[in-house]
Amino acid sequence: MAGIGAAGVLSGAALIPIASAASTGQKKTGFAPDVEIALSARPAEVGILPGSPTRSWVYRGRVVRGAGSSLVSVPNSYLGPTIHVKTGQKVRIRFNNHIPDESIVHWHGLHVPAEMDGHPRYVIPQGKSYMYEFEVRNRAGTYWYHPHPHGRTAPQVYGGMAGLFLVSDDEEAAAGLPSGAFDIPLVIQDRSFDADNQLVYLNGQMMGGMMGRMGGFLGDRILVNGQPRFTLPVATRPYRLRLLNGSNSRIYKVAWQDGRPLVIIGTDGGLLEKPVERSYVMLAPAERLELWADFSRDSVDSQVGLVSLPFDAGMMGGGMMGRGRMMGGGNALPNGAGFTICRMHIQRRERAKFSLPARLSTISRYRPQAAVNAGRPRSFSLLMRHMAWTINGRTFQMEAVAADERVRLGTMELWEFTNPGGGMGMMGGMGMPHPMHLHGKQFQVLSRSGVRHAGYVDEGWKDTVLVMPGERVRLLVRFDDYPGLFLYHCHNLEHEDLGMMRNYYVQS
Ligand code: C2O
Ligand code: CU
Ligand code: CU
């Protein structure tokens, strides 16, 4: 990106200086990494369905320095290798871009300096590399990485580019949860394939493509860890299951098929203080959910399905546009349809003396009165304007920050997202769910109003929050450590690519 260099960004009347890639991420520093990884993105053919392999874009990597266990590849999958690090470790990752498109990697959920966050202004073309160096300051949790070039995130993620970034720490170890072979990530994604097993992405008619993007892409096959009809062989004992919704737009209403309650132990930003139970949980794109799944009362050879229950995603979210039939998209599995995500096959008996910990971690709750704008939330309305999804009527501009998008370093704020769509009336027809995500921060959900669905787990740390039509969500977020330009956006990736994304600026 020539031209960013020493430039600033024009914002209202003020010029905000922005560090360039050349002067930050890319120069030699005194940084001494504990773990160094070479991560590349490249085209690959991956066997997903029986028959022809599927042309994909994948992340592949190798450990250059540090424990070999820092990188674990996902067998038979387009998914990128899982990165395993500990809180406090210094990580260096050299990203080499070998796909015929510009790209940049974003570490979703990680608290890192602005120039390490994968902002689209740092994209690099094919053949170039970008050096990331940061200290892991997050608590233990299930984070992930994916591309973030503006306007190209959705097709690149869809093509296969995504991986998990798992952080562990002492507090997590002390909780005594199932580990190793009993700690299993489940990355849930939807895809569509043509007769030759190639990925199909919004390549229909003009209108089909446009309407598909407005509604968000929905595939008609559910893949888990990159595989169709995923079945996990398990023993009669407890497991820790880490769910990531890595889909572009699909929301899952996660439940056990036989109606047993979900026991939730963690969310986006790691473990809850104590386990909670729900009959189902809404899992929107980019959200994570950690489950305690105990199969000790199941009989050997039985199966338990993890399902997505039917729900009302709003007219655009799951109906006319999401389904896309009228518009030529031809989607057979609308948002809100019910289906099986994957199955647990209880294969063998094992007597593991493991009980669900009563206490998992410590979370100090933010006090709303401590927010610098207590009582005056910084509010963002999610609106359709001129056939585009906007935030407060605005769409993405690479370096622009509006007056109401500047915050002060070291402060805690009250933010509010309002999705005015929905309701039962005529206007409700334009409503769509928007999973709103803040870069670089974990926040706490303070309150919700207008909730018709329930199924939320707001007890823990979050970086992405689902705002259904008619809902308003208030959250508390602290802007510590790192000044600079960060993103907030809808994590429906088609919405993001269409510009439902903005910068916020942390002023020191
Ligand atoms: Cu996973 Cu900008 O986000
Ligand atoms: Cu992110
Ligand atoms: Cu959206």
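Predicted model: local features only at pLDDT ≥ 70, side-chain atom pairs only at ≥ 80, totals over all residues.
Residues are numbered from 1 along each chain as its sequence is written, chains are lettered from A and ligands numbered from 1 in the order in which they are written, and side-chain values use heavy atoms, with hydrogens and water left out.

Because His106 lies in strand 8 (residues 105-108) and His437 in strand 28 (residues 434-438), the pair ties together parts that are 331 residues apart in sequence. Strands (E, at least two residues) and helices (H or I, at least four) are DSSP runs, numbered from the N terminus. Both histidines, His106 and His437, are buried.

**Second stop: the rings around Tyr488**

A search of the whole structure finds 27 aromatic pairs. Rings of Phe, Tyr and Trp (its six-membered ring) pair if their centres lie within 6.5 Å; planes under 30 degrees apart count as stacked, over 60 as edge-to-face and the rest as tilted. The ring centres of Phe380 and Tyr488 are 4.9 Å apart and the planes stand at 55°, so this pair is tilted. Phe380 belongs to strand 24 (residues 378-385) and Tyr488 to strand 32 (residues 484-490), so that the pair links distant parts of the chain, 108 residues apart. For Trp415 and Tyr488 the centres are 5.6 Å apart and the planes at 80°, so the pair is edge-to-face. Trp415 sits in strand 27 (residues 411-418), and its pair with Tyr488 in strand 32 ties together parts that are 73 residues apart in sequence.

Are Phe380 and Tyr488 buried or exposed? Both are buried; the relative accessible area of Tyr488 is 0%. Trp415 is also buried, at 1%.

For another group of rings, select Tyr59, Phe95, Trp107, Tyr122, Tyr130, Tyr132, Phe134, Tyr145 and Phe165, which ring pairs link into a cluster.

Select His84, Leu166, Gly180, Asp183 and Pro185. Of the 36 residues that line the largest pocket, these lie nearest its centre. Its volume is about 750 Å³. On a 1 Å grid over the protein atoms alone, a pocket is an open set of points with protein on both sides within 12 Å along at least five of seven lines, and a cavity is a set where a 1.4 Å probe fits but cannot get out; lining residues have an atom within 4 Å of a point. Grid points are joined across faces, edges and corners, and a volume is the space filled by probe spheres set on the points.

Strand 11 gives the most to the pocket lining, with five residues. Domain 1 (31-169) and domain 2 (181-348) each supply at least three residues; these bounds come from an automatic or database domain assignment.

Residues to select in its lining include Thr267, Met282, Arg288, Tyr456 and Lys462. Strand 20 provides the largest share, three residues. Domain 2 and domain 3 (368-507) both contribute to the lining, so the cavity lies between them.

**Last stop: two positive phi angles**

Most residues other than glycine have a negative phi. Select Asn197, whose phi is positive, about 70°, although it is not a glycine. Asn197 is in the loop between strand 12 and helix 3 (206-215) and is buried, with a relative accessible area of 9%. Finish at Arg229, with a positive phi near 45°. Arg229 is in the loop between strand 14 (227-228) and strand 15 (231-235), and at 62% relative accessibility it counts as exposed.

Notes
Buried < 20%, exposed > 50% of the residue type's maximum accessible area, 1.4 Å probe, protein only.
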